[in-house]
Amino acid sequence: MTLSTKPAQRLRRRRRVRAKVHGTPERPRISVFRSNRGIFAQLVDDVAGHTVASVSWTEASLRDLGPTEQASEAGKLLAQRAQAAGVQRAVFDRGGYRYHGRVKALAEGTREGGLAV
């Protein structure tokens, strides 16, 4: 039996997902980080190695919402910023988290915002 911490387990899952998911200029990767206090997401072009758009729970419009509602609104805001940058499609990188709860709400929010994920 191996003794590994939860962050170490998440890191292994994250690396496994990242080996399969790559962002391109036409279809960047939505990278998700979920903390106990909020959620962060970025649209990353892995070919050029830069961030196209990002959203954070610390923004004024998201700070006072509940966790799931906050994630959903963050997804819609990320979709708006992506479309302003000329991105219509993206791939979803769940960052080693289960596709459940806040992570799922963020993905559905980006779809509702008009981004094809």
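Predicted model: local features only at pLDDT ≥ 70, side-chain atom pairs only at ≥ 80, totals over all residues.
Trainee: Got it. Which side chain makes a polar contact with Arg29?
Mentor: That would be Asp93, whose side chain meets the side chain of Arg29 at 2.9 Å. Asp93 belongs to strand β4.
Trainee: Is Asp93 buried or exposed?
Mentor: Buried, because its relative accessible area is 1%, and the cut-off for buried is under 20%.
Trainee: What else does Asp93 touch?
Mentor: Leaving out residues up to four places away in sequence, Asp93 touches Val17, Arg18, Val21, Arg29, Ile30, Ser31 and Val32. A polar atom of the Asp93 side chain also lies 3.1 Å from the backbone nitrogen of Gly95.
Trainee: Let's jump to Asp45. Where does Asp45 sit?
Mentor: In strand β2, which covers residues 39-45. Asp45 counts as buried because its relative accessibility is 5%.
Trainee: Which backbone nitrogen lies 3.1 Å from a polar atom of the Asp45 side chain?
Mentor: The one of Val47. Apart from neighbours within four places in sequence, Asp45 is in contact with Gly23, Thr24, Pro25, Pro28, His50 and Val52.
Trainee: And how far is Asp45 from Gly86?
Mentor: Their C-alpha atoms are 13 Å apart, and the two residues are 41 apart along the chain.
Trainee: Can we zoom out? How many helices and strands does the protein have?
Mentor: Four helices and four strands. Along the sequence they run α-β-β-β-α-α-β-α. The radius of gyration is 14 Å, close to the 13 Å that the globule rule gives for 117 residues, so the protein is as compact as a globular protein of that length.
Trainee: What does the C-alpha trace span along its principal axes?
Mentor: About 50 × 35 × 20 Å. Of the 117 residues, 38% are buried. If you take contacts between residues at least 6 apart in sequence, 58% of them join residues at least 24 apart.
Trainee: Now helix α4. Which of its residues are buried?
Mentor: Helix α4 covers residues 102-112, and its buried residues are Arg102, Val103, Ala105, Leu106, Ala107, Gly109 and Thr110.
Trainee: What do those pack against?
Mentor: They pack against β1, β2, α3 and β4. On the α3 side you can look at Ser72, in the helix that covers residues 67-84. Ser72 touches Ala105, Leu106, Gly109 and Glu112, not counting residues up to four places away. Ser72 is buried too, because its relative accessible area is 17%.
Trainee: What follows α4?
Mentor: Gly114 does, with a positive phi near 105 degrees.
Trainee: Last topic, pockets. How much space lies in the largest pocket?
Mentor: About 230 Å³. The pocket is lined by Lys6, Pro7, Gln9, Arg10, Arg13, Arg34, Gly96, Tyr97 and Arg98.
Trainee: Which element gives the largest share of that lining?
Mentor: Helix α1, residues 6-18, with five residues.
Trainee: How does the lining divide by residue type?
Mentor: Two are nonpolar, two polar and five charged.
Trainee: Great, thanks for the tour!

Conventions:
Residues numbered from 1 in each chain as written. Heavy atoms only, no water. Helix = DSSP H or I, 4+ residues; strand = E, 2+ residues; numbered from the N terminus. Buried < 20%, exposed > 50% of the residue type's maximum accessible area, 1.4 Å probe, protein only. Contact = heavy atoms within 4.5 Å. Polar contact = N/O pair within 3.5 Å; in protein donor to acceptor, adjacent residues only side chain to side chain. 1 Å grid on protein atoms, 1.4 Å probe; cavity = no way out; pocket = protein on both sides within 12 Å on 5 of 7 lines; lining within 4 Å. Points joined across faces, edges and corners; volume = space filled by probe spheres on them. Nonpolar A, V, L, I, M, F, W, Y, C, P; charged D, E, K, R; others polar. Rg over C-alpha atoms; globule rule 2.2 N^0.38 Å.
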